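Here's a quick tour of a protein model, with a few strands and side chains picked out. Have the viewer open and follow along.

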Amino acid sequence: MFRIKIPVLIFTSALLINACSFSDATSQDAGPEAYVFYPDVISTKEFSENSISFTKDEKMLFISRPKDWDHQSGHLSEKRNGQFSVTKAIKQLDTIYNGAISPSGNKVIFSVKKNQKEEIFLLSKKNGEWDAIENISERSNIYGGYFYWLDEEELYFYSPENNGDVVNGLLKD
């Protein structure tokens, strides 16, 4: 079961600290500078990578890559010897809108655009392999996307209610 607590008073956002470097503080133009994160490994010129999330130990990275903005595919990269590997597509996530990997790396919550709604789904690992997909929206009548996990059960996400709110949700069996 999926339960939403409303109202949410705090918006939580994740910053990709590793993707920023800073100018020399003595420079007059000092300020943040962005650089390409793992060029040609994670960030490619072929795709527009987005919906980036990491496991709690930062050993796995999830991104989505668009076919078009409403139809993307989910990809994972594992960190080995301190370096992220080339991403691999998750075959069950070949047509998603956006998603995020859980802190343990055992779940991916994602949304799919259907009939102008963002249906929420959950993909879980069983015996180390990605297993069946569960339709959370069908059971709960809750829709949304752009997820940020706090722990294995609690997360923040966008909900289209009230012209778009950030809500706090709990995943419960």
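Is F157 buried or exposed? F157 is buried, with a relative accessible area of 1%; buried means under 20% relative accessible area, exposed over 50%, and partly exposed in between (1.4 Å probe, protein chains only).

## Ground rules

This is a predicted model, so local features need pLDDT of at least 70 and side-chain atom pairs count only at pLDDT 80 or more, while totals for chains, interfaces and linings use all residues. Residues are numbered from 1 along each chain as its sequence is written, and side-chain values use heavy atoms, with hydrogens and water left out.

Let's start with β5, residues 60-68. Strands here are DSSP runs (E, at least two residues), numbered from the N terminus. In β5, 7 of the 9 residues are buried, so the strand is largely enclosed by the rest of the structure.

β5 runs antiparallel to β4 (residues 50-54), joined by 3 bridges; two strands pair if DSSP finds at least two bridges between them. S53 has F62 as its bridge partner in β5. The two strands make a hairpin with 5 residues between them, and E58 in that turn has a positive phi of about 60 degrees. With β6 (residues 71-80), β5 pairs antiparallel over 8 bridges, and M60 stands opposite E78. That hairpin has 2 residues between its strands.

S51, in strand β4, has a positive phi near 45 degrees though it isn't glycine. S51 is buried, at 17% relative accessible area. Q116, also not a glycine, has a phi near 65 degrees. Q116 sits in the loop between β10 (107-114) and β11 (117-126) and counts as exposed at 79% relative accessibility.

## Rings and charges

The whole structure holds 5 aromatic pairs. Rings of Phe, Tyr and Trp (its six-membered ring) pair if their centres lie within 6.5 Å; planes under 30 degrees apart are stacked, over 60 edge-to-face, and the rest tilted. Y146 and Y158 have ring centres 6.4 Å apart and planes at 75 degrees, so the pair is edge-to-face. Y146 lies in β13 (residues 145-149) and Y158 in β14 (residues 154-159), 12 residues apart. F147 and F157 form a tilted pair, 5.7 Å centre to centre with 40 degrees between the planes. F147 is buried at 9% relative accessibility.

Two lysines sit over rings: K117 over Y143, 4.6 Å from the ring centre, and K125 over W130, 5.1 Å from its centre. A charge sits over a ring if NZ of Lys or CZ of Arg is within 6 Å of the ring centre and within 35 degrees of the ring normal.

Methods: Helices (H or I, at least four residues) and strands (E, at least two) are DSSP runs, numbered from the N terminus.
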